[in-house]
Amino acid sequence: MNISPLNFHATPSLKDARSPDSPYPHLLAPLDLGFTTLRNRVLMGSMHTGLEDLPNRYEAMAAFFGARAKGGVGLIVTGGFPINEVAMDVGNSGDELLNSEAVAEKHKAITSAVHASGGKICAQLLHMGRYAKHKNLVAPSAIKAPINPSTPRALEDDEIFRPSLTMHSAPRWPGSPATTALRSWARKAI
Ligand SMILES: Cc1cc2nc3c(=O)[nH]c(=O)nc-3n(C[C@H](O)[C@H](O)[C@H](O)COP(=O)(O)O)c2cc1C
């Protein structure tokens, strides 16, 4: 099958992916990641949907992501959840900060809905850095992003481990690979 990237009509369906001459013979095969196994290699990319800002955000996101899992996606990556005030995109957005075990607990409504349909989901922990649109933006260097009129303040080395400014304010999910990866990343960032 000749597939041009611009010819969406030629994109094979999941049904095609099951045929022996599929150009994507592994698409629907399980993927063992070592710490977990995905039922297939279909990944839903990270998108902030606006549901994050609703008063009933967890119920709404559980329904939204649960429906995608029911449709068969192997792995969902959520839209970014800011982990502290300076990490936020816009200072006064309605997002709830993902910065405590109590908030992490609320996210279980989402993971449960996805797991109930055999899917896996990964929370994206967001720090907007120099792309933030509020006035207290911070970044590794005081270099303005080409698409942002504001220049960030450069973080001092010791601030990397100050919970109010960095990824260290993210909740700990003990033993989770993401937590381990995050800690290891934070250590190397110094
Ligand atoms: C409405 C919208 C919200 C998005 N939110 C996020 C986000 O929260 N985190 C992220 O990493 N990428 C986000 N993205 C980027 C997408 O994950 C994706 O990388 C981007 O849309 C490029 O893919 P596309 O060309 O198929 O749109 C968003 C994109 C859109 C259109």
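Here is a short briefing on what you can see.

Keep in mind that this is a predicted model, where local features need pLDDT of at least 70, side-chain atom pairs count only at pLDDT 80 or more, and totals for chains, interfaces and linings use all residues. Residues are numbered from 1 along each chain as its sequence is written.

**The overall layout**

- The protein chain has five helices and seven strands. Here, helices (H or I, at least four residues) and strands (E, at least two) are DSSP runs, numbered from the N terminus.
- Of the 190 residues in the protein chain, 22% are buried. A residue is buried if 20 or more other C-beta atoms lie within 10 Å of its own, exposed if 12 or fewer, and partly exposed in between, with C-beta atoms placed from the backbone.
- Take the contacts in the protein chain with a separation of 6 or more: residues 24 or more positions apart account for 56% of them. Two residues are in contact if their C-beta atoms, placed from the backbone, lie within 7 Å.

- Which residues of helix H4 (residues 108-116) are buried? They are Ile110, Thr111, Ala113 and Val114.
- Seen down the axis of H4, these buried residues fall within an arc of 160°, so they line one face of the helix. The arc is that of the directions from the helix axis to the C-beta atoms.
- As background, an α-helix has 3.6 residues a turn, so residues three or four places apart point the same way.
- Turned away from the buried side, the other face of H4 carries the exposed residues Lys108, Ser112 and Ala116.
- The cover over the buried residues of H4 includes helix H2 (57-70), strand S4 (75-82) and strand S5 (120-126).
- Why does lysine 108 count as exposed? Because it has 12 other C-beta atoms within 10 Å.
- Lysine 108 and tyrosine 58 are 50 residues apart in sequence, yet their C-alpha atoms are 8.7 Å apart in space.
- Just after H4, look for glycine 118, which takes a positive phi of about 85°.

**Around the ligand**

- The residues around the ligand are Gly45, Ser46, Met47, His48, Gly79, Gly80 and Gln124.
- S3 gives the most, with three residues.
- By class, the shell has one nonpolar, six polar and no charged residues. Ala, Val, Leu, Ile, Met, Phe, Trp, Tyr, Cys and Pro count as nonpolar, Asp, Glu, Lys and Arg as charged, and the others, Gly among them, as polar.
- S3 and S4 run parallel and are joined by three bridges. Two strands pair if DSSP finds at least two bridges between them.
- Methionine 47 stands opposite threonine 78 in S4.
- Six of the eight residues of S4 are buried, so this strand is mostly covered.

**The nonpolar cores**

- The largest nonpolar core has 13 residues, and those with the most contacts inside it are Val86, Ala87, Leu126, Met128, Ala132 and Leu137. Such a core is a set of buried Ala, Val, Leu, Ile, Met, Phe, Trp, Tyr and Cys residues joined through C-beta atoms within 7 Å.
- S5 and strand S6 (138-139) are the elements that give two or more residues to this core.
- Apart from it lies another core of eleven residues, among them Val73, Leu75, Val114 and Ile121.
- Leaving aside its neighbours within four places in sequence, leucine 126 is in contact with Gly80, Phe81, Pro82, Ile83 and Ala87.

- Methionine 88 sits in the loop between S4 and helix H3 (101-106). Is methionine 88 buried or exposed? With 22 other C-beta atoms within 10 Å, methionine 88 is buried.
- Isoleucine 147 is in the loop between S6 and strand S7 (153-154). Isoleucine 147 counts as exposed because it has 7 C-beta neighbours inside 10 Å.

Terms used. Near = placed C-beta within 6 Å.
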